[in-house]
Amino acid sequence: MGLLLRPDDLPAKVVRGGQEHDLFHDSARDRFLKVTRDGIFGLSPGIELALVSAHEDARRFHLWEATPLEYLERLDLHNSLVPGLNALEGVVEPGEGELAIVTSQPRFDLAPVTAAEIDAWFGGLGFRKVAEAAYYRAADNLGVFDAHDKNVVRAGDTLVPFDVIPCRPGGGFLRFIEDTLALGHSVQAVRRVTTPRK
Amino acid sequence: MNRATIPEPGVKPLLTPERMARILSARRSTTSAAAYQQVATHLGRPASPGRRKSSVNGRAAWVCC
């Protein structure tokens, strides 16, 4: 297969994964292929400014819809953290001008993990918690967002964050994280999805 | 120097390639049906159908569910 896939290259039946993807299991390679859906390419963290009174911090933490490029950059960074996790299989036009990106991941034995275990695991790797399921490590300016129990699995005595949102924050977003940690605060993420769901 | 122009340090991996190789080699073999069932259990909901392949104007297309 080339990188431009046709619907015929993909199986007739898929199942819905999380919010972002349809899934199918490639038994020959024991990998899950993930197809973006509804023209949505995951989320990208950042801040926006709200209208607030003078004594309030106007900055709000948001998870925005990502562009296709941001989605691919996120997967590339994810591969730097979890080697060999994501492979780009191609892009496909499922119909009606929609573009979908097809990637794959190895299948994991899906052993569940608790939020407390995820907190402890990231803490042991030098991260500080900045929000629910969100962690930041200043040493290499690395943020990991959306690391909740559906996106992380246990593998023996370690964890595998297989569907999290890593990022290298900069500018105002980085200052917001630094200020939040310096004050000992945590923030609550607001998801912002603008594309109508089909 | 402007903060934005400082080169980013490399990231320290969360897992090493050797660790990932051991994790993957330790997986239990399974069927696709069992793999889908594991996903449903993990997500806490039945595996609902995603897009299905259909013919639109004589061409194969995926139709959203």
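What share of the 198 residues of chain A counts as buried? It is 34%. Buried means that 20 or more other C-beta atoms lie within 10 Å of a residue's own; exposed means 12 or fewer; partly exposed is in between, with C-beta atoms placed from the backbone.

Some housekeeping. This is a predicted model: local features need a pLDDT of at least 70, side-chain atom pairs count only at pLDDT 80 or more, and totals for chains, interfaces and linings use all residues. Residues are numbered from 1 along each chain as its sequence is written, while chains are lettered from A and ligands numbered from 1 in the order in which they are written.

Now confidence. The predictor gives the complex an ipTM of 0.85 and a pTM of 0.84. Chain B averages a pLDDT of 79, and 63% of its residues score at least 70. pLDDT is the predictor's confidence in each residue, from 0 to 100.

Let's look at chain A. It has three helices and 15 strands. Both are DSSP runs, numbered from the N terminus: helices are H or I with at least four residues, strands are E with at least two. Now take the contacts in chain A with a separation of 6 or more: 55% of them join residues 24 or more positions apart. Contact means that two C-beta atoms, placed from the backbone, lie within 7 Å.

Next, the sheet. Which strands form it, and in what order? Four strands of chain A make an open sheet, β9-β10-β11-β14, with antiparallel pairing. Two strands pair if DSSP finds at least two bridges between them. β9 (128-131) and β14 (165-167) of chain A are at the edges; each has a single partner strand, so one side of each lacks a neighbour in the sheet. From one strand to the next, the twist averages 25°.

Zoom in on one pair. β11 (residues 142-145) of chain A and β14(A) run antiparallel, joined by three bridges. There, Val144(A) sits opposite Pro166(A) of β14(A). Helix α3 (residues 171-182) of chain A packs on this sheet and touches β9, β10 (134-137) and β11 of chain A. The helix direction makes about 110° with that of β9(A). For such angles, axes are lines fitted to C-alpha atoms, for helices over the stretch in contact, and the values run from 0 to 180 degrees between N-to-C directions.

Stay on β11. Gly143(A) lies in that strand of chain A. Is Gly143(A) buried or exposed? Buried, because it has 21 C-beta neighbours inside 10 Å. Beyond four places in sequence, its contacts include Pro45(A), Tyr136(A) and Ile177(A). Gly143(A) and Arg168(A) are 25 residues apart in sequence, yet 6.1 Å apart in space, C-alpha to C-alpha.

Asp146(A) is in it, between β11 and β12 of chain A. Its phi is near 60°, positive in a residue other than glycine. Most residues other than glycine have a negative phi. Asp146(A) is buried, since 23 other C-beta atoms lie within 10 Å.

Compare Asp30(A), in the loop between β3 (21-26) and β4 (31-36) of chain A. Asp30(A) also is not a glycine, and its phi is positive, about 50°. With 15 C-beta neighbours inside 10 Å, Asp30(A) counts as partly exposed.

Now a hairpin. β12 (residues 152-155) and β13 (residues 158-161) of chain A run antiparallel, with four bridges between them. Val152(A) stands opposite Pro161(A) in β13(A). Two residues separate the strands, and Gly156(A) has a positive phi near 65°.

Which residues have the most contacts inside the largest nonpolar core? They are Tyr135(A), Val144(A), Phe145(A) and Ala147(A), in a core of 27 residues. A nonpolar core is a set of buried Ala, Val, Leu, Ile, Met, Phe, Trp, Tyr and Cys residues joined through C-beta atoms within 7 Å. At least two core residues come from each of α2 (115-124), β10, β11, β12, β13 and β14 of chain A. Ala147(A) touches, among others, Ile118(A), Phe122(A), Val152(A) and Pro161(A). A second, separate core has 17 residues, including Leu23(A), Leu33(A), Tyr71(A) and Ile101(A).

Last stop, chain B. Helix α2 (residues 32-43) of chain B has 12 residues and reaches 17 Å from first C-alpha to last, close to the 16 Å expected at 1.5 Å a residue. That expected span is 1.5 Å times one less than the number of residues. Just after α2(B), Gly44(B) takes a positive phi of about 75°.
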